[in-house]
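Visitor: Hi! Could you walk me through this one?
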Amino acid sequence: MDKLTSILEAFDVICPSGLRGNFEARKGILDELNSLSNIETEFNAFLLSDFRERAGLFSSTGNDVPLEVTGSVLIIGAGLAGLYSALKIASLGFEVQVVTDDEHVGGTWYRNDYPGSRVDISRAVYPFSDVDYCDWRNYYPRHSEMKKYCEELASRVGDQKIFLNKRVEKIEWSGQRSGWLVDFLKDGQKEQAFFNFVMDCTGQLSSPRKLPQADGFSGEICSAPSWPAGMDLRGKKVALVGLAASGIQIASAISGDVSELHIVSGTPNWIRMIPHLKLGDGMDKFSHGQYAFDLKARAQAAIGGFQALVKENSTAQAELLNACENWLEQLPEDKADLVRPDYRPGLRRILLDNGDYADCLKQQNVFYHATRLESCDNRTLYLKSGELVPDVDVLILSTGFDVLSSHFPYRVVDRTGLERIEKPVTGFGSVCFEALPNFFQINGYGTNLVLHGAATILMEIQTAFSAARMLEACHTNGSGSVFEISSGAVDDYRLDFKAMHDSLIWSEAPEKQGWYWGISRENPTNLPMTMGRYIEMLKGLNTSP
Ligand SMILES: Cc1cc2nc3c(=O)[nH]c(=O)nc-3n(C[C@H](O)[C@H](O)[C@H](O)COP(=O)(O)OP(=O)(O)OC[C@H]3O[C@@H](n4cnc5c(N)ncnc54)[C@H](O)[C@@H]3O)c2cc1C
């Protein structure tokens, strides 16, 4: 049985409602739940402590966090990472400013307003563990709910601290002033300001990957992050190219409306079944802020699934294969054969389906082409298999994002005066980098998500780690303080990162393509360790002079 489902059931038995804020009760429940499975102690401790303590967890000054801090922090990006960091860093006393080049807060959850857009893990896992909010309507929160969640976070940060339509063009280290000189573009006007610290929260899923093969198409083209408002697909013949996580959501949402849906996907993904819970199902059980469950589920999600990627762990791999085969068994044999990948699960990203996509594939008007798009001419699609798909009204590109490019989305001049184009691959914990003092990256290259339950878990850990470095800098030097990671710490981290990466089966991916490798295909993009291990490594940083 799915681990999450078994925890859910266990929780139903032992967890009374209304535990919000009751630390002892939550802890008691966690202890009980812990006896059901082996959760990493560090990770639980991390989730249970409040943010101030968490920041202390990663600080060489322990919990001796200065009460008075001085310093301004620029947070670039107003997605979940930027908003969460702003909330937490401001709560420690820093002066915070958040900027986004969008016209609204939310980042990913503002832009990706396509049919079926939602989180594909449960609402118990995705929201931040220490932000008190429970206004969820769906087990897998939909785009509108996520957008509202981001707006709520933004209102807690405070409107006066958030600047929309303001793009960071360049950051340049000033040794004289011990901070960053930042060039902005707002409403066509250039502005400049100084900040002690910069946090990069620019996300990974902002630029849709281009598909030159679609250039000759004369019908309507749309993609997940730029879905045309009011688009009506009823009765239309639609082709969907590429099948990333958003692709299966779009297909499931539109297949009942369109006259024909042609899915074109060259390399199928393995897909795992997740509980088929919909609006209302069991929601009353979650609606009382049953935080203990949330924490437990998050911890479980952060660790579960990962073991199947460890090369020697053949038992976990067999379980994973079994879970993926179970999903395929729902389909008629001919369809299952078409979508069955010819590689081991884990070499590429595994998608999650609550049953909607399996139902979609079973429909008579849905055609699956296990091949690539070669070109388009007028409204005809030419496929690599030699097939043609004529008279297509709308072409949907679900070909993913140029996510995994490691370029900075603005110009960076580092401490040595060098202009940096590429983000360093790992840095230390992928959070801080040599020659970039007082600079922190949240949720960036080298800590890609998905395997670890939720991107939000990483955001929490990395924000606490960054906060600790800022606090330490203030603690030791007051204003004018500087933190820069040592090259020794970066080298050690890189070695460990590489060793752990090599111990996982994704390092054997034949073409080094997809989510785990990024577009450069040179550097692994995912975090090759459990969250517990990651926390240990961050905590192990020795910052004493
Ligand atoms: C449909 C969909 C479903 C998803 N589901 C899940 C899921 O189930 N679980 C999961 O863990 N993750 C999921 N994700 C991944 C999701 O992207 C992350 O979980 C998270 O929302 C990323 O937040 P972020 O703040 O890091 O980045 P983003 O939300 O991308 O925010 C980046 C911000 O940076 C700003 N920015 C960029 N460059 C500049 C600049 N030069 N100047 C100023 N501002 C700039 C942007 O305007 C934006 O505000 C999903 C993503 C999508 C698209």
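Guide: Happy to. Among contacts (heavy atoms within 4.5 Å) between residues at least 6 apart in sequence, 71% join residues at least 24 apart. This is a predicted model, where local features need pLDDT of at least 70, side-chain atom pairs count only at pLDDT 80 or more, and totals for chains, interfaces and linings use all residues. Residues are numbered from 1 along each chain as its sequence is written, and side-chain values use heavy atoms, leaving out hydrogens and water.

Visitor: Where does valine 392 lie?
Guide: Valine 392 is in the loop between β16 (388-389) and β17 (394-397); strands here are DSSP runs (E, at least two residues), numbered from the N terminus.

Visitor: Is valine 392 buried or exposed?
Guide: Valine 392 counts as buried because its relative accessibility is 0%. Buried means under 20% relative accessible area, exposed over 50%, and partly exposed in between, with a 1.4 Å probe and protein chains only.

Visitor: And which residues is valine 392 in contact with, leaving aside neighbours within four places in sequence?
Guide: Those are Phe217, Lys237, Val238, Ala239, Arg379 and Leu381. The C-alpha atom of glutamate 260, 132 residues away along the chain, is 9.1 Å from that of valine 392.

Visitor: Switching topic: what pLDDT does the protein average?
Guide: The average is 83, and 79% of the residues score at least 70. pLDDT is the predictor's confidence in each residue, from 0 to 100.

Visitor: Which stretches stay under 50?
Guide: Residues 12-21 do, with 22 contacts beyond four places in sequence in the model. Residues 281-289 are also below 50, with 19 contacts beyond near neighbours in sequence. Where pLDDT is low, the predicted coordinates should not be read in detail.

Technical notes: Helices (H or I, at least four residues) and strands (E, at least two) are DSSP runs, numbered from the N terminus.
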